[in-house]
Amino acid sequence: MIGIIVVSLIAIFAIIWIASIPWRKRQQRAKICAEPFPTAWRHIIKRRFPYFHSMPADLQLQLKKKIQIFVAEKEFIGCNGLVIDDDIRITVAAQACLLLLNRRTDFYPKLKQILIYPDIFWVENQRTDPAGVVSAQKNVLSGESWEYGKVVLSWHTTVNDAADPHDGSNVVIHEFAHQLDQENGPANGAPPLRNITDYPSWSAILDKEYRTLCVQARTQQQSLFSYYGATNPAEFFAVVSEVFFEQPLKVNELHPELYQELSQFYQLDPVNWH
Ligand SMILES: [Zn+2]
């Protein structure tokens, strides 16, 4: 009898504990946000992330709060001898949190660790050809986003991309756009949207633009977007996200429907910042 009572109590406590996780997380985040933003971190943003200065004041403030939570919750791991410090943490966090502004977000919930290499890195993937033959393929990368728990970045590329905020190329925005896409399964260019009614126009416009880029890449026609976006719809979403943040005027001018979709998704209108 006592055994049954003890087991029941443990079960009840376990249920309460699990049910209170979102509440405790909110409490913890509110506590982190109440802390002042460290002066040293402000200097890092000033030095490493010139994009910040083109943002409206309310979004700058919001970004700083998001950086505080991101840095508190994610683990940074240095690879190949790289030592992680605040310079690395804040430079990555500032760019990753850009994608979370104004949105209902759980801060990349699947992501646990950010692995940073000093420079570009090699990865070995298995590749199956049309005849079914599996072979190992070595690729050199500046960033990689895994569906479960990891983003991998080159620090050299991260710093260089942050230093030029208007060239339409940014490895951190690219990989964290994949993370958003991976919130509801493998990356496929269809991240979770705010409303179910948003999906038809999202898929129609992104598909149309993706097909246009595929033709441009095949025929070597000029495009605002890197041909790499023609790899598949997931890469297309990551590539157009980079350009949306860094060259919003051009996206709005040349691809107004796509700009509208991305503006609605990111809940931002960067055309008005630059
Ligand atoms: Zn990618």
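**Stop one: the cysteines**

Select Cys33: with 23% relative accessibility, it counts as partly exposed, a label for values between buried (under 20% relative accessible area) and exposed (over 50%), using a 1.4 Å probe and protein chains only. You're looking at a predicted model, where local features need pLDDT of at least 70, side-chain atom pairs count only at pLDDT 80 or more, and totals for chains, interfaces and linings use all residues. Residues are numbered from 1 along each chain as its sequence is written, and side-chain values use heavy atoms, leaving out hydrogens and water.

**Stop two: the inside**

Next, pick Phe176. Leaving aside residues up to four places away in sequence, Phe176 touches Phe70, Ala96, Leu99, Tyr108, Leu111, Ile114, Val151 and Leu153; contact means heavy atoms within 4.5 Å. Phe176 is also one of the residues touching the most other members of the largest nonpolar core, which has 71 residues. Such a core is a set of buried Ala, Val, Leu, Ile, Met, Phe, Trp, Tyr and Cys residues joined through side-chain atoms within 4.5 Å. Apart from that core lies another, of five residues, including Cys79 and Val123. Cys79 counts as buried, at 9% relative accessibility.

**Stop three: the chain's start**

Finally, click Met1. At 75% relative accessibility, Met1 counts as exposed.
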